[in-house]
Structure formats: C-alpha cells, structure tokens
Amino acid sequence: MGLFSKYEEPGKGVPKNPDQKLPFFRFFELYFGHFSKLILLNFIYIVCFLPMFAGIIVMQMFISEDSNLYYLAFYLIVVLCGVIIGPATCSVAKLTRNMSIEKPTFLWHDFWDTFKTNFKQGAIMGVIDMLFISAVSVSFPMYYNMAESNSTFYIPFAVCLICSVLFLMMHFYIYFLIVTTDLGLWKILKNSFLLTAIDIKSSVINLVATAIVLILVVIFFPYTAILIIIIPTFMLFLYAFNCYPVIRKYVIQPYYDERGERNPELDYVDEDGETVFVDAPELEEAPPREKGGLRKKKETSGNTAPRSSGSGRKKKTIR
C-alpha cells in the first residue's frame, strides 16, 4: 500500500465503507492527529544524538583539523554513537508504527521499553548504519574527484550511488522488522531487501518523498534548520504508513496462517470481515421507567469488571 494507492477492498462492487478516505488524505489525517506526540517523540530522539555532538565538540577542542587524527577520531565517535542511535531509532519506529495503525501509545514508557528490548539488534544495526554513512561520505567525493581526471572512476562512483540508494530503501523496512519480529538480523536484512523488491511502488514513493525533503532542506538552509524538530518522525511515520501494511501482508499474516492461528490485530473483525462491535443506536431500547425516574440497577457485590477474552498464550515471533 503506497501513499497514493487505493486500499484493498474485499470483493467486487460497492465498497463496504464508501466514505473511506484516500491514503493521501488518510495519511495527513493520522499525522496531524498525532502531531503533538510526534513532536515530543522527535525531541526525545534528538536527545539521543547529543552524545555524538558532544563528542565531536570535545574532539575539536583538542585535535587540530589539519591532522589525520582528526578524521579518524571524528568517524570513530560517529560509529560508536550508533550504539545509542540504533536502539533509539527502533523506539521511534515502533511508536510511529503504532500511531499509523491507531494503536494506543504511551510515549515515554514505550520509547524506553522498546529501547531496552531491542538494544542488541538496534545497536548492531546502528553501528552498521554509521559505518556505511562514514564510508559513503569518504567514497563519494573521492571517486568524484578522481573521475574528473579519469572517467573510469565514474563506474565505482555509480556503484556507490546504487548501493546507497538500495541501502536507504531497505531502511524503509529494517527497523520496523526489528521491533515487530524476533528474526535474526541477517534475516531482517534479507527480508528488507525482498520486501523492497516485492512492493517497489511503496519503496519508490518513500524514496521520492525522502529526496524531495532532503533537497528542500539543503536549498533553503539555514532557514530549514528548524525543521529538525519535525522531519525525522515525519519520515518514519511516512515509512510506517506505507510499509507496515506490506510487512503485515507478507511477514506477519503468513506466520499466523501457517500455524492456523488468528492474527491478534484482527481481533476486532469477525470471520466475514465485518466489524464485531457495531454502533447501532437505532437498535437500542430505552431503559424501563418507574415513577420518579429511571429504575435503579441492583447493586452487586464482588468484582464486576469484565474478564479479558485473550487466551494468555505467549507470543513467539510477532511482537
């Protein structure tokens, strides 16, 4: 499902919900419905980058920019801080995913709970990301300068560009798979690559949107610097809106179908695809009246809270 795609509708003919909004309008309705939470989430996310910025500032105070040690220390700080940035990105991915499917979120608790739960895989992925960014930041200018004198070097330049675009597109799925499944990191990377190819339309939409945002930020910098409080969570919310339905279709649902189990996300839907709880005030009957007003309900002793309908089984793969 892409931002400009139509939702899948059961059967043919007249849709069950003719008033359902197009995905483009649905996206912005959900986004602005959670706008205040997304801004707060963005501030928490930015705080996780402070150790990296602090390390770079301290490094600049003691190491000259003209020395090779400066660049070595710079990239070392960036890579090591991936240990914090990776798990933080997992937290933002899970919260934006829940917001995109209108699942209840508790900002502070869910952020740090996800941070701890996915720390290992998030830290490894964060270090990989920082290593890749460091390598690309060196390779692009180096090959470009070398290509000006020898056109043969346009080949490695093009290879770096293709690998960078592909790696970016895989990130539309990587962190969402980390927080959604219990798969190993290698399988997550493999599935991210496959999902990117399976639903190329959503991947291209995300890529184009990312490119437009980055170009606008660069062109209008420094005026766009203030957008740092919006852009990270906006982009992850966009990725969640477009890509989580793909994960649910090709990863989550097959897991439950294979085991003959029901997807917990569909607990509010009956076997025919109809919503279980229907608001039908025209079918409700008014309570009986007595002289002097409504008849009082009989008081009951003990616990009157409804019991949970869940089976209490431990989840195995899907979170």
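Trainee: Which residues have the most contacts inside the largest nonpolar core?

Mentor: A nonpolar core is a set of buried Ala, Val, Leu, Ile, Met, Phe, Trp, Tyr and Cys residues joined through side-chain atoms within 4.5 Å. The largest one in this predicted model has 62 residues. Those with the most contacts (heavy atoms within 4.5 Å) inside this core are Phe111, Met125, Tyr173, Ile174, Ile178 and Ile247.

Trainee: Which helix gives the most to this core?

Mentor: Local features need pLDDT of at least 70, side-chain atom pairs count only at pLDDT 80 or more, and totals for chains, interfaces and linings use all residues. Residues are numbered from 1 along each chain as its sequence is written, and side-chain values use heavy atoms, with hydrogens and water left out. The top contribution to the core is 16 residues, and it comes from helix 12.

Trainee: What does methionine 125 touch, leaving out residues up to four places away in sequence?

Mentor: Met125 is among the residues with the most contacts inside the core. Two of the other residues in that group, Ile174 and Ile178, are also touched by Met125.

Trainee: How many helices and strands does the protein chain have?

Mentor: Both are DSSP runs numbered from the N terminus: helices are H or I with at least four residues, strands E with at least two. Along the sequence the pattern is α-α-α-α-α-α-α-α-α-α-α-α-β-β. The chain therefore has 12 helices and two strands.

Trainee: How far apart are the end C-alpha atoms of helix 10?

Mentor: The expected span is 1.5 Å times one less than the number of residues. Helix 10 covers residues 185–198, so its 14 residues should span 20 Å. The model agrees, with the end atoms apart by 20 Å.

Trainee: Which side chain joins threonine 89 in a polar contact?

Mentor: Thr89 lies in helix 5 and counts as buried at 8% relative accessibility. A polar contact is a pair of N or O atoms within 3.5 Å; within protein, one must be able to donate a hydrogen and the other to accept it, and residues adjacent in sequence count only if both atoms are side-chain atoms. Beyond four places in sequence, Thr89 touches Tyr45 and Tyr175. The polar contact, at 2.8 Å, is with the side chain of tyrosine 45.

Trainee: Which side chain is joined to that of asparagine 98?

Mentor: Asn98 is in helix 5 (residues 82–100) and is buried, at 5% relative accessibility. Setting aside neighbours within four places, Asn98 is in contact with Lys103, Pro104 and Thr105. The polar contact of 2.9 Å is with arginine 97.

Trainee: Which backbone oxygen does the side chain of serine 139 reach?

Mentor: Ser139 lies in helix 7 and, at 17% relative accessibility, counts as buried. At 2.8 Å, its side chain reaches the backbone oxygen of alanine 135.

Notes. Buried < 20%, exposed > 50% of the residue type's maximum accessible area, 1.4 Å probe, protein only.
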